[in-house]
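Student: I have a structure to read and some questions about it. Can we go through them one at a time?

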Amino acid sequence: MEERQTGNTLQGNGVVGILSEATNKWERRVPLTPSHCARLLHGGKGKTGVDRIIVQPSTKRIHHDALYEDVGCELSEDLSECGLILGIKQPKLEMILPDRAYAFFSHTHKAQKENMPLLDRILAERVSLFDYELIVGDNDKRLLAFGTFAGRAGFIDFLRGLGQRYLHLGYSTPFLSIGASYMYPSLAAAKAAVISVGEEIATFGLPSGICPLVFVFTGSGNVSIGAQEIFKLLPHSFVDASKLPELFEKARDNTQTTRTSIRFFQVYGCVVTCQDMVAPKDSTKLFDKTDYYAHPEQYRPIFHENIAPYTSVIVNCMYWEKRFPRLLTTKQLQDLSKKRCPLIGISDITCDIGGSIEFVNQSTLIDSPFFRYDPLSNSYHHDMEGNGVICLAVDILPTEFAKEASLHFGDILSQFIGSLASKRDIEDLPAHLRRACIAHGGSLTSLYEYIPRMRSTFSVERKENSYSNKKKYNLQVSLSGHLFDQFLINDALDIIEAAGGSFRLVKCQVGQNADAISFSELEVGADDRSILDGILDSLTSLANPSKNQGSLHQDKHTLLMKVSKFHHNNRQNEHDTKKNATVLILGAGRVCRPAAELLASIGSIPSGQLLKTCTETGFEEGNDIQVIVASLYLKDAEDIIEGIPNATAVQLDIADHGTLLKYVSQVDVVISLLPASFHSTVANACIEHKKHLVTASYVDKSILELDTAAKDAGITILGEFGLDPGIDHMMAMKMINQVHARRGRILSFTSYCGGLPSPAAANNPLAYKFSWNPAGAIRAGGNPATYKLHGETIHVQGDDLYDSAVKFRVPHLPALALECLPNRNSLVYGDLYGIEGEASTIFRGTLRYEGFSEIMGTLARIGFFDAKPHPILKQERRPTYLSFLHELLSFQTSSLDRSVIVEEAVTERIFALEKCKDTTTASKTSKTIRFLGFHEEIEIPLSCKSAFDVTCLRMEERLTYASTEQDMVLLHHEVEVDFPDGRPPERHHATLLEFGSINNGKTTTAMACTVGIPAAIGAMLLLVGKIKTRGVLRPIEPEVYVPALDILQAYGIKLLEKIE
């Protein structure tokens, strides 16, 4: 396989190779998924830069070899034809081929000693090495990382162990039902399991003997964010570190003054910072973060005194260096154990062996993730029984969610593959890729020329007496910051050498992730004191950039330095500049509350932090989203926000343009839940103030005309982001794009959606109820419809819509007796979804329980839905409902003297007037008329001018949900697929079934949830910059629907997918 092509590099030939990972049996991640490969291969080499993709076979990869073959990849152990070779972990040395480009996590740019043989091989083979860790965005954040997935998997795995540990201690808890992360088919499924556990805790509680159950999180990077993301799926409250003693005191009082069987219905979280871990040894001084990083030896540990005595679980996500005090030592734990400390376990997601938690002295395996440490006997055990604490220390956690981690990784990496695969000269690459290139053509690139200098000092570090070039004047200089990932070490060493000085590396602690700083202690020398002073002045300038370089703090580019008694000036901390995000919701209808609740429950967004895919929200705890609910009537808005933190109610008339502009100017994103006719006014206000807008309504002509103006303003108007339209688009595009990625062809696309009563609540003749004004639903029954069936275009007139209904059954829900009616113009979705030229059937239907349409069609023919003013309703004397029924059915007054015979007489009259085809339908319609109260001798209100008005009023009064009844939303897609290459045809199903909920006596409808929550998710995606496209947008692009669907599932809205 190895070959030499001196001077004849294959780099840039458009052929990409994917390595088989061989470092660990659990490593199932891939740099590119089959869908990524499909887009690269079938987008055209001229556009993607990729001509071929060769994949080394693997039987353990998360995506099977056949899936790569299906999209056009080649399978071969031999990657010698590839100019660009991709992996996740470092390959074996013998797999490095000469004169190619490689991309993987090399762990070489910080001169890590254990990986220098790999770097030597890279240089010897004239390889261009691109390190994923070094690809950063404009905000200096790493673009390719797995930290959040480690946090998620580590926390879920620990919950599983927690349930087992508590069982051995005599407590049954809901945590027992949680599996290890790798046991779930998806991240969404794992989250759903945690949510289910949370619901059980909220309903039945936890035993008082293990409560309050407090999870303490260390660190503020992606690992901690991922762990907290899972924690927040449980019923929880966050507690400030200073309030932990008070929390335990209250819990103790409650258990002492009430029965011993008291239960706790939530868990508690506490995020600690270094200020909670250490304090100055000099009690007269205040804690100073900058001083602590420069002089940790002047600080003493306090975590074991102030935090650990109140901690149940430590979730360790922080970077630690030996120069800092440990978070918890063995001796400290031994002392705590003698005082009946509640600490039950450690989830050391950082897997820092012998690090910040001293007694975590071994790593564990994914399939055996725990050990037990008994501090009293200072012994280690691999079981859950006995004294001590359980510890999790798995070092390859992200691969437990290999599918989602790979998708997330490939979504970003695939954007760079075209350049890496097609460019031979690295100077032709974009700047962010050039900066990530460590070696090229047998030499280190200029940014990494410090590596040999660092390596040369390692031997000196081991043999201090060999420092023969010691200068006359020498000083110890401590440097800390992002020395290696921001190349500040290059600048510092260049300053020393350019001035004629020398340096010796005394100590070096390398940060192991993008958020961790590195520390180097140098002995700097010069034979002339003035030269040494000049070096120090230059280093001081590097550590204190002038203010004209930017007024905001930029930690990534800041060098902290200590020289003798020199102190680096304090800089404004990045966190001081954070501001809360604010969302304005216009309209206080039923849909509003779920949206407001979701937004107010999410932590705020620091600038530049992206919302990751697979429900990775990226919101930090402690910075909340502020929600403003605006309504024409203040009381409506106040009712909506009752009990919702961080929410404000305001009165706003949309017609008051000045006030509308005032509120829009004060927020980051606007959600309009107003009727569609108002969206244009709101959109123009958002364009004027450059604010994003989300609506759940159809994108009409008035909104489409604002596309250019929105792009010019740099904003996104995200429309059709509710249920139907909204979730239906997203489910459809996911299915269609998955088929196309496998080279399949859509033969038929059918979509069905309906808001219905739950079966238990379908207790009237129509088997239907309204959760809001029925006028819109009744009008929809008169809309014409168009669809395509087996290549034939079918037109249905509005008057014939109810007659066109047909029976329908969802395959895996056979007990639901349903019917469907065609829904408006289905053909436009052929264009929208890109399947017009291939699908012979395109149909979108509205779902109702069977029998609904024949009754509604009969009512329509009788005249109940006639919107013209009715003469009888113009009379001075108001008619009763019964006399109005006489009029509609042309009865003589004497014919309906007694209400007891109304139903029979009405049935006969309907059939005699030929308003339906049979007496059965006539009887059902008669029962409906009676149920609606048209037999009553009650005067019709003056507000009713037409039969339509009267019917709407009666339906609104009689077809409403009782306080204990639930509604139901059902959305179902079916796609028929064939494959031109002869593979058997397939039928794909995707189903959403959601029921309303009743909590604390308050009902939240399924319809409100499935419209309001997507709208809130759209706002979240815009807040964190996940959606890049500007202008008018529907949720049919992967940048929108992929994260949105993941978040929907994470919040409990289940989507069932099946392929037959």
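Student: Which strands does helix α5 lie across, and at about what angle does the helix run to β18?

Tutor: Keep in mind that this model is predicted. Helix α5 spans residues 147-168. It lies across β8, β14, β15, β16 and β18. Its angle to β18 is about 155 degrees.

Student: What is the strand order in the open sheet of eight strands?

Tutor: The pairing in this sheet is mixed. From one strand to the next, the twist averages 20 degrees. The order reads β9-β11-β8-β14-β15-β18-β16-β17.

Student: Why is one side of β9 and of β17 left without a neighbour in the sheet?

Tutor: Strands of a sheet pair through backbone hydrogen bonds. β9 covers 236-238 and β17 covers 379-381. Both stand at the edges, so one side of each has no neighbour in the sheet. The reason is that each has a single partner strand.

Student: Which residue is the bridge partner of N316 in β15?

Tutor: Start with the two strands. β14 holds residues 313-316, and β15 holds residues 345-348. They run parallel and are joined by four bridges. The partner of N316 is D348.

Student: Is K769 buried or exposed?

Tutor: K769 lies in the loop between β32 and α25. Its relative accessibility is 6%. Buried means under 20%. Therefore K769 counts as buried.

Student: Which side chain joins that of K769 in a polar contact of 2.6 Å?

Tutor: K769 touches several residues, including P757, L959, Y961 and E965. Its side chain also reaches the backbone oxygen of A761 at 3.2 Å. The 2.6 Å polar contact is with the side chain of E965.

Terms used: Residues are numbered from 1 along each chain as its sequence is written. This is a predicted model: local features need pLDDT of at least 70, side-chain atom pairs count only at pLDDT 80 or more; totals for chains, interfaces and linings use all residues. Side-chain values use heavy atoms; hydrogens and water are left out. Two strands pair if DSSP finds at least two bridges between them. Axes are lines fitted to C-alpha atoms, for helices over the stretch in contact, and angles run from 0 to 180 degrees between N-to-C directions. Contact means heavy atoms within 4.5 Å. Buried means under 20% relative accessible area, exposed over 50%, partly exposed in between (1.4 Å probe, protein chains only). A polar contact is a pair of N or O atoms within 3.5 Å; within protein, one must be able to donate a hydrogen and the other to accept it, and residues adjacent in sequence count only if both atoms are side-chain atoms. Lists of a residue's contacts leave out its neighbours within four places in sequence.
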